[in-house]
Amino acid sequence: MEVPGSSKKMIATQEEMVEARVPIPYRDQCAHLLIPLNKCRQTEFYLPWKCENERHSYEKCEYELVMERMLQMQKIREEETKLKTSKGAAIPLIPKTANAS
């Protein structure tokens, strides 16, 4: 499934995420890595050193998503500043008549 604005595709389906009881806030493009990580955690009694590979791959995927969103926001901000500078003088927040005393 294609996610608008992202280069990563959704690999896990909604049915798989519901079956694996993935919480709604975690149902993103990295959910396909969270499902085996949670299974590993349950079978290994949440011992932190047992599921290092799964955790690393999941955290790397989440990091890449965050970095992608940050780059997109940076591009949006750059475009906004270009538009503001190309229009000329910015519109003042407080009109000059409000400053008259």
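Let's start with two helices: α2 passes α3 in a left-handed crossing. Keep in mind as you look around that this is a predicted model.

To find the pair, look for α2 at residues 31–43 and α3 at residues 52–86. Their axes come within 9 Å of each other and cross at roughly 150°. Angles over 145 degrees count as roughly antiparallel, and α2 and α3 are therefore roughly antiparallel to each other.

Now zoom in on the place where the two helices touch. From α2 come L33, L34, L37, C40 and R41, and they meet E54, R55, S57, Y58 and C61 of α3. Sorted by class, this contact is made of 6 nonpolar, 1 polar and 3 charged residues.

Helix α2 also takes us to our next stop, the largest pocket, because it supplies the largest share of the lining there, with 4 residues. The space in this pocket amounts to about 160 Å³. By class, the lining divides into 4 nonpolar, 2 polar and 3 charged residues.

Terms used: Residues numbered from 1 in each chain as written. Predicted model: local features only at pLDDT ≥ 70, side-chain atom pairs only at ≥ 80, totals over all residues. Heavy atoms only, no water. Axes fitted to C-alpha atoms, helices over the stretch in contact; angles between N-to-C directions. Parallel < 35°, antiparallel > 145°, perpendicular 65-115°, else oblique. Left-handed = near helix turned anticlockwise from the far one by under 90°. Contact = heavy atoms within 4.5 Å. Nonpolar A, V, L, I, M, F, W, Y, C, P; charged D, E, K, R; others polar. 1 Å grid on protein atoms, 1.4 Å probe; cavity = no way out; pocket = protein on both sides within 12 Å on 5 of 7 lines; lining within 4 Å. Points joined across faces, edges and corners; volume = space filled by probe spheres on them.
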